[in-house]
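Welcome! Here is a short briefing to read alongside the sequence and the 3D view. Take a look at the structure, then follow the points below.

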Amino acid sequence: MAWITLLLAGLLEIGWAIGLKYTDGFTRFTPTVLTVGSMILSVVLLGIAVRSLPLGTAYAVWTGIGTVGTVVLGIVLFAEPATLIRLGCIGLIVAGIAGLKLFA
(Lines give C-alpha, C1' and ligand atoms only; values in the text may rest on other atoms or scores of the structure.)
Protein backbone atom coordinates (compact mmCIF):
# COMPACT_ATOMS: atom_id res chain seq x y z
CA MET A 1 0.00 0.00 0.00
CA ALA A 2 2.91 2.37 0.73
CA TRP A 3 4.14 2.05 -2.86
CA ILE A 4 0.69 2.95 -4.21
CA THR A 5 0.58 5.95 -1.88
CA LEU A 6 4.02 6.96 -3.10
CA LEU A 7 2.93 6.59 -6.73
CA LEU A 8 -0.06 8.85 -6.10
CA ALA A 9 2.22 11.37 -4.38
CA GLY A 10 4.51 11.32 -7.42
CA LEU A 11 1.61 11.83 -9.82
CA LEU A 12 0.45 14.80 -7.78
CA GLU A 13 3.98 16.17 -7.94
CA ILE A 14 3.71 16.07 -11.72
CA GLY A 15 0.37 17.84 -11.42
CA TRP A 16 1.69 20.72 -9.37
CA ALA A 17 4.85 21.09 -11.42
CA ILE A 18 2.82 21.37 -14.62
CA GLY A 19 0.28 23.51 -12.78
CA LEU A 20 2.97 26.10 -12.09
CA LYS A 21 3.00 26.90 -15.79
CA TYR A 22 -0.75 27.51 -15.79
CA THR A 23 -0.77 29.75 -12.69
CA ASP A 24 0.99 32.49 -14.66
CA GLY A 25 3.12 33.42 -11.67
CA PHE A 26 0.28 32.67 -9.22
CA THR A 27 -1.89 35.37 -10.81
CA ARG A 28 -4.66 33.03 -12.00
CA PHE A 29 -6.94 31.93 -9.16
CA THR A 30 -8.19 28.47 -10.18
CA PRO A 31 -4.86 27.09 -11.44
CA THR A 32 -3.17 28.49 -8.33
CA VAL A 33 -5.64 26.80 -5.97
CA LEU A 34 -5.31 23.48 -7.81
CA THR A 35 -1.52 23.72 -7.89
CA VAL A 36 -1.17 24.55 -4.19
CA GLY A 37 -3.67 21.80 -3.33
CA SER A 38 -1.62 19.30 -5.36
CA MET A 39 1.56 20.44 -3.60
CA ILE A 40 0.08 19.91 -0.17
CA LEU A 41 -1.53 16.56 -0.95
CA SER A 42 1.64 15.32 -2.65
CA VAL A 43 3.77 16.05 0.42
CA VAL A 44 1.15 14.59 2.77
CA LEU A 45 1.06 11.35 0.78
CA LEU A 46 4.86 11.24 0.73
CA GLY A 47 4.81 11.61 4.51
CA ILE A 48 2.38 8.70 4.79
CA ALA A 49 4.50 6.53 2.48
CA VAL A 50 7.69 7.09 4.51
CA ARG A 51 6.03 5.54 7.55
CA SER A 52 6.89 2.15 6.06
CA LEU A 53 9.37 2.88 3.25
CA PRO A 54 12.96 4.01 3.68
CA LEU A 55 13.10 7.81 3.48
CA GLY A 56 15.91 7.98 0.92
CA THR A 57 14.23 5.48 -1.37
CA ALA A 58 10.80 7.09 -1.08
CA TYR A 59 12.13 10.58 -1.70
CA ALA A 60 14.20 9.50 -4.70
CA VAL A 61 11.26 7.63 -6.23
CA TRP A 62 8.89 10.56 -5.53
CA THR A 63 11.18 13.10 -7.18
CA GLY A 64 11.98 10.67 -10.01
CA ILE A 65 8.30 10.18 -10.84
CA GLY A 66 7.83 13.94 -10.75
CA THR A 67 10.87 14.60 -12.89
CA VAL A 68 10.10 12.05 -15.58
CA GLY A 69 6.42 12.96 -15.73
CA THR A 70 7.12 16.67 -15.87
CA VAL A 71 9.70 16.31 -18.63
CA VAL A 72 7.42 14.07 -20.70
CA LEU A 73 4.45 16.42 -20.28
CA GLY A 74 6.71 19.38 -21.05
CA ILE A 75 7.52 17.73 -24.35
CA VAL A 76 3.87 16.92 -25.09
CA LEU A 77 2.14 20.06 -23.81
CA PHE A 78 4.73 22.80 -24.26
CA ALA A 79 6.74 21.59 -27.27
CA GLU A 80 9.95 21.31 -25.26
CA PRO A 81 12.78 19.55 -27.11
CA ALA A 82 12.73 15.76 -27.23
CA THR A 83 16.36 15.15 -28.11
CA LEU A 84 17.92 11.72 -27.94
CA ILE A 85 20.11 12.81 -25.03
CA ARG A 86 17.12 14.10 -23.02
CA LEU A 87 15.19 10.89 -23.65
CA GLY A 88 18.24 8.82 -22.71
CA CYS A 89 18.57 10.72 -19.45
CA ILE A 90 14.88 10.10 -18.72
CA GLY A 91 15.56 6.41 -19.32
CA LEU A 92 18.37 6.52 -16.76
CA ILE A 93 16.05 8.08 -14.20
CA VAL A 94 13.44 5.38 -14.85
CA ALA A 95 16.13 2.71 -14.46
CA GLY A 96 17.16 4.26 -11.16
CA ILE A 97 13.58 4.32 -9.90
CA ALA A 98 13.12 0.68 -10.89
CA GLY A 99 16.36 -0.27 -9.17
CA LEU A 100 15.37 1.47 -5.96
CA LYS A 101 11.98 -0.24 -6.03
CA LEU A 102 13.50 -3.66 -6.63
CA PHE A 103 16.09 -3.39 -3.90
CA ALA A 104 14.12 -1.49 -1.24
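The protein has 4 helices and 0 strands. From the N terminus on, its elements run α-α-α-α. Please keep in mind that this is a predicted model.

**Overall picture**

- The C-alpha trace of the protein spans about 40 × 35 × 15 Å along its principal axes.
- The protein has 104 residues, and 31% of them count as buried.

**How helix 1 and helix 2 meet**

- Two packed helices are described by the angle between their axes and the distance between the axes.
- Helix 1 covers residues 2–23 and helix 2 covers residues 29–49; their axes come within 8 Å and cross at roughly 155 degrees.
- An angle over 145 degrees counts as roughly antiparallel, and helix 1 and helix 2 are therefore roughly antiparallel to each other.
- The crossing of helix 1 and helix 2 is left-handed.

**Who makes the contact**

- On the helix 1 side, the contact residues include Ala2, Leu6, Ala9, Glu13, Trp16, Leu20 and Thr23.
- On the helix 2 side, Pro31, Thr35, Met39, Ser42, Leu45 and Ala49 are among them.
- By type, the residues of this contact between helix 1 and helix 2 divide into 15 nonpolar, 7 polar and 1 charged.

Note on methods:
Residues numbered from 1 in each chain as written. Predicted model: local features only at pLDDT ≥ 70, side-chain atom pairs only at ≥ 80, totals over all residues. Heavy atoms only, no water. Axes fitted to C-alpha atoms, helices over the stretch in contact; angles between N-to-C directions. Helix = DSSP H or I, 4+ residues; strand = E, 2+ residues; numbered from the N terminus. Parallel < 35°, antiparallel > 145°, perpendicular 65-115°, else oblique. Left-handed = near helix turned anticlockwise from the far one by under 90°. Contact = heavy atoms within 4.5 Å. Nonpolar A, V, L, I, M, F, W, Y, C, P; charged D, E, K, R; others polar. Buried < 20%, exposed > 50% of the residue type's maximum accessible area, 1.4 Å probe, protein only.
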